[in-house]
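My entries follow in the order in which I made them.

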Amino acid sequence: MVIDVALGLPIDKIFKYYYPLDSQEIISGVRVRIPFRNTEEIGYVVSSTEGKMEGLKEIKEIIDVEPVIDKEMLELTRWMSERYFASWGECIEASLPSALRKGKISSSPRKEYFLKTDESFLKPVNLTVAQKQVLGIIDSKLPNGFNAFLLHGVTSSGKTEVYIRTIEDILTQGKSAIVLVPEIALTPQTISRFKARLRENVSVLHSKLTEAQKFQEWRKLKTGQNKVCIGTRSAIFAPLKNLGLIVIDEEHESSYKQNENPRYHAREVALKRAHQSGCGLILGSATPSLESYYKAERGEYTLLELPERVEKKKMPQVGIVDLKTVKRKRFTPLIFSPALKEELRSVIDRDMQAILFLNRRGFSTFISCANCGYVAQCAKCNLALTFHSKESVLICHYCNKREDKPLICPECDSRYLSFKGFGTQRVESELAKMFPAIRIGRLDSDVLKQRGRLEEIIEDFRARKIDVLVGTQIVAKGHDFPDVELVGVILADLSLNIVDFRSGERTFSLLTQVAGRSGRGTGKGRVIIQTYNPDHFTIKTSLNHDYKSFYLEEIKRRKQLGFPPFNELIKLEIRHKSEEKAKKVSDMIKEQLNEQGLDACDILGPAPHPVPKIRTLYRWTLLLKCENVEGIMRLLYNIIGFRKRIQGANIIVDVNPYED
Ligand code: ADP
Ligand code: ZN
Ligand code: ZN
């Protein structure tokens, strides 16, 4: 037998080995130990044929009796390797639990993972009219093979109930289901709710599980003992047979994109897998990604809507504070407007809770006027220009347009450009000065670094041991706190100004999600948004939770600029010790792409990365806008090769990237 073996290394090649025919039969999907160069490697058998063994080395050992990866997953990982510029073997490895990588034989965990279930979710609910309608449509279409749905429902509209009912149906038909959630630590309630309702059928793939525990859950899914898998992005590879449904909750979340090799997007992989196995796909969100809503509009997905909260609870009332009109002290940042202060006082007096939200991502990289909120933008790309302090210059990191840093604000003539921002700690200390008697909790990336601290703070807030919670986007996600009556957004503009074409979409979704935290119990929710851009359509539409109007405006912009969903993007990041070399290699790649006659592709850059240097390496980027990623990938292979190294430069290839 001639055996084709894929290796989990960055090599674009399937290697041939032989295995004596009369010994044990060898099947696709098993791991083998093989001689490779001067050492030994573990590989994955992708196919085998009868043929000549001349010149081939012999396989040393077959590790598995049963394949660890089935035909369907082999096909899926091969597709991934073509789309995401990774080798087939690397994609196979990414799809397996770490306990099986590199040929390890896993043993049983010392302690089985045990998930608490929340029995309070067992009491039956009467479906709302809207939920019934939605389930009726799913019911009528699901038996017909592949079907994708976009479930657009406002926060607290009963989407999760729709997922659970659909999965119950799937299970009675003897089929299985995958549920993807953005971040398990943030949604413990959702998980225990699924577990309570679906019972022993559920496996949870959780970052808190040990390697052995993860492997045990994987095996339960593979043997069919468990038929539902809930987990984060990599749960899309759950080894379930007879798949009936994939659910992606909060489908717009950027955590579904993997930012290391292979740089896949779980939504794209899910769509492919659903196609392959002819099953259903439900994407759910209060603020769908532009990509998904666009497909729903064109009829590729069935649009399902839940426009109201369950039990007639009202959406929170949103008020806006124009920071340009608020009197401020010189040289001190404006954190609490009088309006926000007053609302806070009222909530505290009534002994209710509040959340204060400040998104600080990308803050230090752009120049902003402390007086009027002006931010310098690239006219061509409509993105905030990035400030590079070394050369004291503003640069568009998509097209490399450069501008001198202005000395006075072009809008209002003030001199307070490039003011140093403030973070959640400053908000916390100012708050403590204003209201010395209240108990304050803070949630940001510093807290995330401490094990278990996040869960602890959320638990304390729920138990009313904390009155006001201050935090970054972590506080915006799916928590359900019934006594929160006020949400204050300290500065909504921050996420508008990150250097990413998705900044509008991200801002709309953050504002909507964070507003959705308010008034969940009593229905008396209030939201205050502080901003320098009250007329920006993103802010305006978020006031009325008006996704459709936001979408219509934003999709026009995307079309004009040729960004997704109208094109796909490939970002090349070129890293080198020498800045000059990084730039030179970038120019060279661009030249070669042009020589290959890339008419169907618009190349932006090279431009320095918004964070131009990490550790010892300088970073330059090229951005390719193209209709079809797979076609361009083949050309890229020719130029940069599979090792993604040219003249000492490392090249990272990222399809439809998400910036941080
Ligand atoms: P979403 O997923 O859209 O945020 P959920 O499904 O979590 O909404 O529903 C929000 C809350 O309403 C939950 O506490 C849930 O138990 C409850 N709920 C869902 N559907 C109903 C219903 N038909 N009747 C009463 N309560 C419901
Ligand atoms: Zn100004
Ligand atoms: Zn530009």
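I took helices (H or I, at least four residues) and strands (E, at least two) as DSSP runs, numbered from the N terminus. This is a predicted model, in which local features need pLDDT of at least 70, side-chain atom pairs count only at pLDDT 80 or more, and totals for chains, interfaces and linings use all residues. Residues are numbered from 1 along each chain as its sequence is written, chains are lettered from A and ligands numbered from 1 in the order in which they are written, and side-chain values use heavy atoms, with hydrogens and water left out.

**Positive patch.** I found Lys 13 in the loop between strand E1 (2-7) and strand E2 (15-18). Together with Arg 37, Lys 577, Arg 643 and Arg 645, Lys 13 forms a positive surface patch. For such a patch I joined like charges within 9 Å, using residues with over 30% relative accessible area and no salt bridge. Lys and Arg count as positive and Asp and Glu as negative, while His and the chain ends are not counted. I placed each charge at NZ of Lys, CZ of Arg, CG of Asp or CD of Glu.

**Ligand 1.** Which residues come nearest to ligand 1? Of the 15 around it (a heavy atom within 4 Å), they are Asn 126, Gln 131, Gly 158, Thr 160 and Arg 193. Helix H4 (residues 159-172) gives the largest share of the shell, three residues.

I then listed polar contacts, here pairs of N or O atoms within 3.5 Å. A polar backbone atom of Gly 158 is 2.9 Å from a ligand 1 oxygen, and a backbone N or O atom of Lys 159 also lies 2.9 Å from an oxygen of the ligand. Arg 193 uses a side-chain N or O atom, 2.9 Å from a ligand oxygen. Ligand 1 alone exposes 550 Å², of which the protein buries 80% (Shrake-Rupley method, 1.4 Å probe).

**Salt bridges.** I counted a side-chain nitrogen of Lys or Arg within 4 Å of a carboxyl oxygen of Asp or Glu. The whole structure has 40. One joins Arg 83 and Glu 630 at 3.7 Å, N to O. Arg 83 is in helix H1 (residues 71-84) and Glu 630 in helix H17 (residues 629-640), 547 residues apart.

**Backbone.** The Asn 261 to Pro 262 peptide bond is cis, with omega near -10°. Ser 156, not a glycine, has a positive phi of about 70°.

Methods. Patches are made of residues with over 30% relative accessible area and no salt bridge: like charges are joined within 9 Å, nonpolar side chains (Val, Leu, Ile, Met, Phe, Trp, Tyr) within 5 Å. A polar contact is a pair of N or O atoms within 3.5 Å; within protein, one must be able to donate a hydrogen and the other to accept it, and residues adjacent in sequence count only if both atoms are side-chain atoms.
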